[in-house]
Amino acid sequence: SKMFSADRRLVLDRGFDRAVEIVLSAFLSEGFAVEPVDGGDLHQRCAAVDRLRYTELEATLPELGFVPCRRMGGLPVLLGCRIALFELTATCTLVTASSPLARYPRLAVLVPRLSDRVGSALQAAGQGASLEAA
């Protein structure tokens with residue numbers, strides 16, 4: 001059976017700040033509403049000298065926003081996408097995008113444009129900045 005691309009990965013040949021700008025711009029251009037969820041320094045709990053930043057974003061399509069997840073105690077947004085960016089080096093950033101909808105293939109079939117638009121946003125983000133995509 002065809003998977004709904006539960007997890008997609010992209011390595012951008014860009015510094016963290018620029019990668020965040022590129023990814024935000026790509027998802028906003030595809031019509032997603034994007035909200036920050038979490039972020040900080042990956043080394044907060046250890047004695048590493050170098051900072052390695054990360055951020056988590058939630059991207060949702062406003063037209064699919066009939067599920068009142070926010071008002072129900074922070075349930076994950078089913079009809080959305082969780083984007084995470086991880087600073088690997090000063091000039092290299094890992095981007096991951098995952099959708100909870102992937103666990104429900106029959107439901108995913110009903111909203112194919114979500115997967116298509118996540119793919120389009122990641123493809124746009126990777127234009128000229130990508131080392132590899134998986």
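Partly exposed here means a relative accessible area between the buried range, under 20%, and the exposed range, over 50%. In this predicted model, Phe 86 has 25% relative accessibility, so Phe 86 counts as partly exposed.

| Residue | Relative accessibility | Class |
|---|---|---|
| Phe 86 | 25% relative accessibility | partly exposed |

Now for the rings themselves. Searching the whole structure turns up 2 aromatic pairs. One of them is Tyr 54 with Phe 86: the ring centres are 6.4 Å apart and the planes meet at 20°, so this pair is stacked. Tyr 54 belongs to strand 3 (residues 53-60) and Phe 86 to strand 4 (residues 80-89), so the contact ties together parts of the chain 32 residues apart in sequence.

What is the bridge partner of Phe 86 in strand 5? That would be Leu 94. The two strands involved, strand 4 and strand 5, pair in the antiparallel sense, with 7 bridges between them. Getting from strand 4 to strand 5 takes a hairpin of 2 residues.

Strand 5 (residues 92-98) also pairs with strand 1 (residues 7-12), again antiparallel, and 6 bridges join these two.

Terms used. Residues numbered from 1 in each chain as written. Predicted model: local features only at pLDDT ≥ 70, side-chain atom pairs only at ≥ 80, totals over all residues. Heavy atoms only, no water. Phe/Tyr/Trp six-rings, centres within 6.5 Å; stacked < 30°, edge-to-face > 60°. Helix = DSSP H or I, 4+ residues; strand = E, 2+ residues; numbered from the N terminus. Buried < 20%, exposed > 50% of the residue type's maximum accessible area, 1.4 Å probe, protein only. Pairing = 2+ DSSP bridges.
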